Amino acid sequence: MNRIAVTAVIAVGQLALVGVGVAPQLSARVTGDTYLMTVAPIDPIDPFRGAYVALDYPDLRHDGSEPIDAAGLGALDDGEEGAVFITLVQEGDVWAAGAWTRDRPDSGPYLACDDRSWQIRCGIESYFLPQDQAAATEDLLRDGAVAEVRIDGRGNAAVVDVRAP
Amino acid sequence: MNASAPPTTRPVPPRELAWLRSEVADWASQGIISEDQAARITTRYSADTHTRFSIGRVLLYLGGGFVGIGLIWLVAANLDQLSPVSRFIAVTVIWLTFLVGSELLASRRVSPPLVGAARLLAALGIGAVLFQAAQSLQVPAFEPRLLGLWSAAALLHGYLTRAYLPFLVGVVTGVAWWFTQPLWDGPSGLAVVMLFGAGAVLAAGLAVLHDGRLDAFARTWRAVGAAMALLAMFVAAIPDVGGDDVTWTFWLVSALVVAGVAAAVAVATRPGVRALEPVGAIVVLVVATLIGLWTTGTSTSDVDTADWLHAATSVIAYVLLAVALVALGTVREHAALTWMAMTGLVVFTTFQSFAVFAPIVTGAWLFVVLGTVFLGTGFLFDRARRELAQALDNDTSTSASTEGSDR
């Protein structure tokens, strides 16, 4: 095999491995159904991740505390850590948490999350925007907004838009 | 010997070449060989292409490393004006430039250190691509599988081009993944011991399989195996490390199975003395696990007979492992193994002394006891190393004379 072919095999093989790394997020965007969820702002800029809007989901929070005092989805506090699944129920135009379980639900819709860090994370906690749009979206969030979240059959989720209800 | 075959120049270290030249000149002056033979011998060796650390090489590799890490940092911190997709494309273009550029340089037979630096950048670049893709698509949190995929990508590059630096990036990230993935699901002290032990078995098996085919890779796998074995025994000897139950996660079982398969293949395809390496690593895995399972309590104020036995067994096991690694380092001419074994033993004995015996052997006496242990072990090490080297020397002489008589 000559050098050009070897280099091509390396490039294609490595890109395929990148695809494997983000397969759940790609699957959510490509094959997922859209669900609307109520969102609230947390903080505008994380210096290590660029300009984006950090999102809080009051209807998905486990312990029901005020997101202003303690942002995020909360924690299960059951002495374990690992996979967490949040089943979704429709409340009017938006979807909210039904139950939090360690076992994968038999049917959807549900979110596949993880609480190995200090709180539950589902991959929908931030939404990237250019700096100018991030500021405008911050204002939108203060007035009340919804996130368009795509969720596939395995609970993988991705935020595709944040807009007024 | 085929007289018409063109002589090939073999790379040797400059110091060895200087020694050879002085010896050959001496032989020629004494009439043992002719001037013509002396000239023919010395022209067969060259120090020009021998791999050695030069300031230029170190700077190139350091520069490559810094640029690679800087690129990842830039992407993470300062490209906030670009959208996630633009960032991903930018990083991908940088990685592809380094990959194609390094192979282009290699095809033109440019200086090996320069090619190595470019390949290092490509191997770091694919990590940047991977983590940028994860960031752009908002992977929920740090996931160990990203490290594993980076390792696989770098190893793919390293093995397909026989390039050492991408291989090294793959090994380092692979070792990190080897531990983070199983511990992500079920963290426990005993799991750490078993992962170190299984890592030693896998690396020892791979080292044997690489011998004679990819010697530079074999040396690295051997060093990784030795480090894993020393760490397995070190962690196992920490009092009460096995107090928590092990969670038999998919990844932990997979690590043990993969290590077992690598050892089995190595023993099956390279039987004989070489098989001792993976077999020895399996012994380390088993002994370390048993020591880890042997819990004697964590009280530091009350050291009973069980604590003494536990510590003594751990020290004996560690000394035996260290001696075995010194022997392996001597046989394989792998100085790093000897240094790792010596350093590991000093750190291990010191740790054990302060962790276990400090409550009853205090102050100056602790240093006297510790120093005596080091002196005794050092004496045994030196004696074992010299006897082994002498035995190998005799063995080489015997086999050389046997080959000579066969002719």
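These are legends for a handful of close-up views of a predicted model.

**View 1. Chain B at a glance.** Start with the overall make-up: chain B carries 14 helices and two strands. Its 407 residues include a buried share of 36%. If you take the contacts in chain B between residues at least 6 apart in sequence, 73% of them join residues at least 24 apart.

**View 2. Helix 1 meets helix 2 in chain B.** Two packed helices are described by the angle between their axes and the distance between the axes. Here, helix 1 (residues 14-29) and helix 2 (residues 35-43) of chain B have axes that come within 9 Å and cross at roughly 170°. An angle over 145 degrees counts as roughly antiparallel, so helix 1 of chain B is roughly antiparallel to helix 2 of chain B. On the helix 1 side, the contact is made by B:L20, B:R21, B:V24, B:A25, B:W27 and B:A28, while helix 2 brings in B:E35, B:A38, B:I41 and B:T42. Sorted by type, the residues of this contact come out as seven nonpolar, one polar and two charged.

**View 3. The largest nonpolar core.** In soluble globular proteins, nonpolar side chains tend to be buried together. The largest nonpolar core in this model has 139 residues, and the members touching the most others are B:A200, B:V201, B:A232 and B:M233. Helix 8 (residues 189-210) of chain B supplies the largest share of this core, at 17 residues. Zoom in on B:M233 and, leaving aside neighbours within four places in sequence, you'll find it in contact with B:V284, B:A288, B:A317, B:Y318 and B:L321.

**View 4. A glycine in helix 10.** B:G260 sits in helix 10 (residues 250-269) of chain B. Buried or partly exposed? B:G260 is partly exposed, because 17 other C-beta atoms lie within 10 Å, and buried would take 20 or more. For a sense of scale, the C-alpha atoms of B:G260 and B:A341 are separated by 24 Å, with the two residues 81 apart along the chain.

**View 5. Where to be careful in chain A.** The mean pLDDT of chain A is 80, and 83% of its residues reach 70 or more. Among the elements of chain A, helix 1 (residues 3-21) has the highest mean pLDDT (93) and strand 2 (residues 45-46) the lowest (49). Residues 44-50 of chain A have pLDDT below 50, and this stretch has 13 contacts in the model beyond near neighbours in sequence. Over residues 65-69 of chain A, pLDDT also stays under 50, with six contacts beyond four places in sequence. Where pLDDT is low, the predicted coordinates should not be read in detail.

Methods: Residues are numbered from 1 along each chain as its sequence is written. Chains are lettered from A and ligands numbered from 1 in the order in which they are written. Axes are lines fitted to C-alpha atoms, for helices over the stretch in contact, and angles run from 0 to 180 degrees between N-to-C directions. Helices (H or I, at least four residues) and strands (E, at least two) are DSSP runs, numbered from the N terminus. Angles under 35 degrees count as roughly parallel, over 145 as roughly antiparallel, 65 to 115 as roughly perpendicular and the rest as oblique. Two residues are in contact if their C-beta atoms, placed from the backbone, lie within 7 Å. Ala, Val, Leu, Ile, Met, Phe, Trp, Tyr, Cys and Pro count as nonpolar, Asp, Glu, Lys and Arg as charged, and the others, Gly among them, as polar. A nonpolar core is a set of buried Ala, Val, Leu, Ile, Met, Phe, Trp, Tyr and Cys residues joined through C-beta atoms within 7 Å. A residue is buried if 20 or more other C-beta atoms lie within 10 Å of its own, exposed if 12 or fewer, and partly exposed in between; C-beta atoms are placed from the backbone. pLDDT is the predictor's confidence in each residue, from 0 to 100.
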